[in-house]
Protein chains: 2
Amino acid sequence: MKQMTKGQKTRDRIIAEAANVFNQRGFEGCSMSDLMAATGLEKGGIYRHFSSKEELAAEAFDYAWKLAFETRTHDLEQVPNSVEKLKRFIANFVERRTSVPGGCPVLNTAVEADDGNPLLRERVRNAWRAWRDTLVEIVAAGAKRKEIRPDVDAKEVATLIVSSLEGALMIARLERNKDALLAAQSHLCRYLEAEVRAHSHSH
Amino acid sequence: MKQMTKGQKTRDRIIAEAANVFNQRGFEGCSMSDLMAATGLEKGGIYRHFSSKEELAAEAFDYAWKLAFETRTHDLEQVPNSVEKLKRFIANFVERRTSVPGGCPVLNTAVEADDGNPLLRERVRNAWRAWRDTLVEIVAAGAKRKEIRPDVDAKEVATLIVSSLEGALMIARLERNKDALLAAQSHLCRYLEAEVRAHSHSH
């Protein structure tokens, strides 16, 4: 097993603690003194490990996203049917929270970086595409096993699921209740049954 | 007709020009010097009209939102049928842009203010609720005229439309193409036909 150096450990701890503040306040809303307070380090102690605030924010985004993605794909491999796998993914999004406060890192960072910071914009676009591709693979595997209609556009299914959930999360966080997320969940489940699942009578 | 004082005119011009920068860079991402550059005024010239950056940002949000709302409800009263009215609303969201760059003010401000600024958070929550209520009224009027199923939950229809469109906008701005918005539009239109429109055979 690879041994972690003390410097590597400190770097990882800075990333984890910075992720908590960046994901709540945003890249621009997070000052150097916020980062110093969160990590308990002086400015020099932070910048010994990162070349810029931007580099730290990009690493913090990747860290927050890794946790969010693991949470949303939790136990997915235990669900054999691909339509049920998509439903479990949706339920995970609605029910499970990671240890990083502030909502979805993709939503937060996409909205902040779409007109701005190019490094963060690239990281969040890569995260969204990897997320979409995970859903696309589930749909493609389901089509192969005839659980999913052969004429379904896998990329469109993935895009509809992610956009409905992210938009609903925006409203849920504004209203401070889950109504919008629960509405999106039941809507998406009806959609998966009506338009995505292959029914035996169609063979 | 009410005459506008010179001070009132300057105040309105500051709001309009601040809206352009706030909607692209966010409240935190927008510095005093950004505001001075956008308005061509010194700090004192801006703060003669507003008690704080927060007050200016709140007024700028209301201004940007008013334009966005007008754009999305454009020509709606010319569409007699309520299901078609909802479709026109969706098409306006997908096709029409306001003069304020940076995407939807509700999405931008909700994501930034959900953990933060209480004044902005209140403004954006009010905007979302007024927006939802406009859609709720269209659905309720349609149910009365038997164009829409009597058992449809108007608030849920409104929430699903807004969340699908806002989430799709997030992806469209990240990808810099309209695919996600067009997918949301055709999905919502199928949903309106299948689950919302009253069909004569159901009477």
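The expected span of a helix is taken here as 1.5 Å times one less than its number of residues. Helices (H or I, at least four residues) and strands (E, at least two) are DSSP runs, numbered from the N terminus. The model is a predicted one, in which local features need pLDDT of at least 70 and side-chain atom pairs count only at pLDDT 80 or more, while totals for chains, interfaces and linings use all residues. Residues are numbered from 1 along each chain as its sequence is written, and chains are lettered from A and ligands numbered from 1 in the order in which they are written.

Chain A has nine helices and zero strands, giving the pattern α-α-α-α-α-α-α-α-α along the sequence. Its C-alpha atoms fill a box of roughly 65 × 45 × 25 Å along the principal axes. Of its 203 residues, 43% count as buried; a residue is buried if 20 or more other C-beta atoms lie within 10 Å of its own, exposed if 12 or fewer, and partly exposed in between, with C-beta atoms placed from the backbone. Among the contacts in chain A with a separation of 6 or more, 62% come from residues 24 or more positions apart.

One helix pair in chain A can be described in detail. The axes of helix 4 (residues 53-72) and helix 6 (residues 105-113) of chain A come within 9 Å and cross at roughly 145°. Such axes are lines fitted to C-alpha atoms, for helices over the stretch in contact, and the angles run from 0 to 180 degrees between N-to-C directions. Helix 4 of chain A brings Phe61(A), Ala64(A), Trp65(A) and Ala68(A) to this contact, where they meet Pro105(A), Val106(A) and Thr109(A) of helix 6 of chain A. By class, these residues are six nonpolar, one polar and no charged. Ala, Val, Leu, Ile, Met, Phe, Trp, Tyr, Cys and Pro count as nonpolar, Asp, Glu, Lys and Arg as charged, and the others, Gly among them, as polar.

Helix 7 (residues 118-144) of chain A has 27 residues and reaches 38 Å from its first C-alpha to its last, close to the 39 Å expected. Its buried residues include Leu120(A), Trp128(A), Trp131(A), Arg132(A) and Gly142(A). What covers the buried residues of this helix includes helices 1, 4, 5, 6 and 8 of chain A, together with helix 8 of chain B. Just after helix 7 of chain A comes Lys146(A), with a positive phi of about 60°, although Lys146(A) is not a glycine. Lys146(A) is found in the loop between helix 7 and helix 8 of chain A and is exposed because it has 12 other C-beta atoms within 10 Å.

The relation between the chains comes next. The same surface serves both copies, as 100% of the contact residues of chain B recur in chain A.

At the interface, 36 residues of chain B are in contact with 36 residues of chain A. Helices 1, 6, 7, 8 and 9 of chain B each supply at least two residues of the side that touches chain A, and helix 8 of chain B gives the most, with 14 residues. That side of chain B has 15 nonpolar, twelve polar and nine charged residues.

A straight helix of 24 residues would span 34 Å, whereas helix 1 of chain B spans only 30 Å between its end C-alpha atoms. A kink of about 80° is centred on Asn23(B), the bend at a residue being the angle between axes fitted to the seven residues ending there and the seven starting there. Asn23(B) is among the buried residues of the helix, as are Phe22(B) and Gly26(B). Glu28(B) is also in helix 1 of chain B, but counts as partly exposed because it has 19 C-beta neighbours inside 10 Å. Leaving aside residues up to four places away in sequence, Glu28(B) touches Gly26(A), Glu28(A), Gly29(A) and Glu112(B).

Terms used
Contact = placed C-beta atoms within 7 Å.
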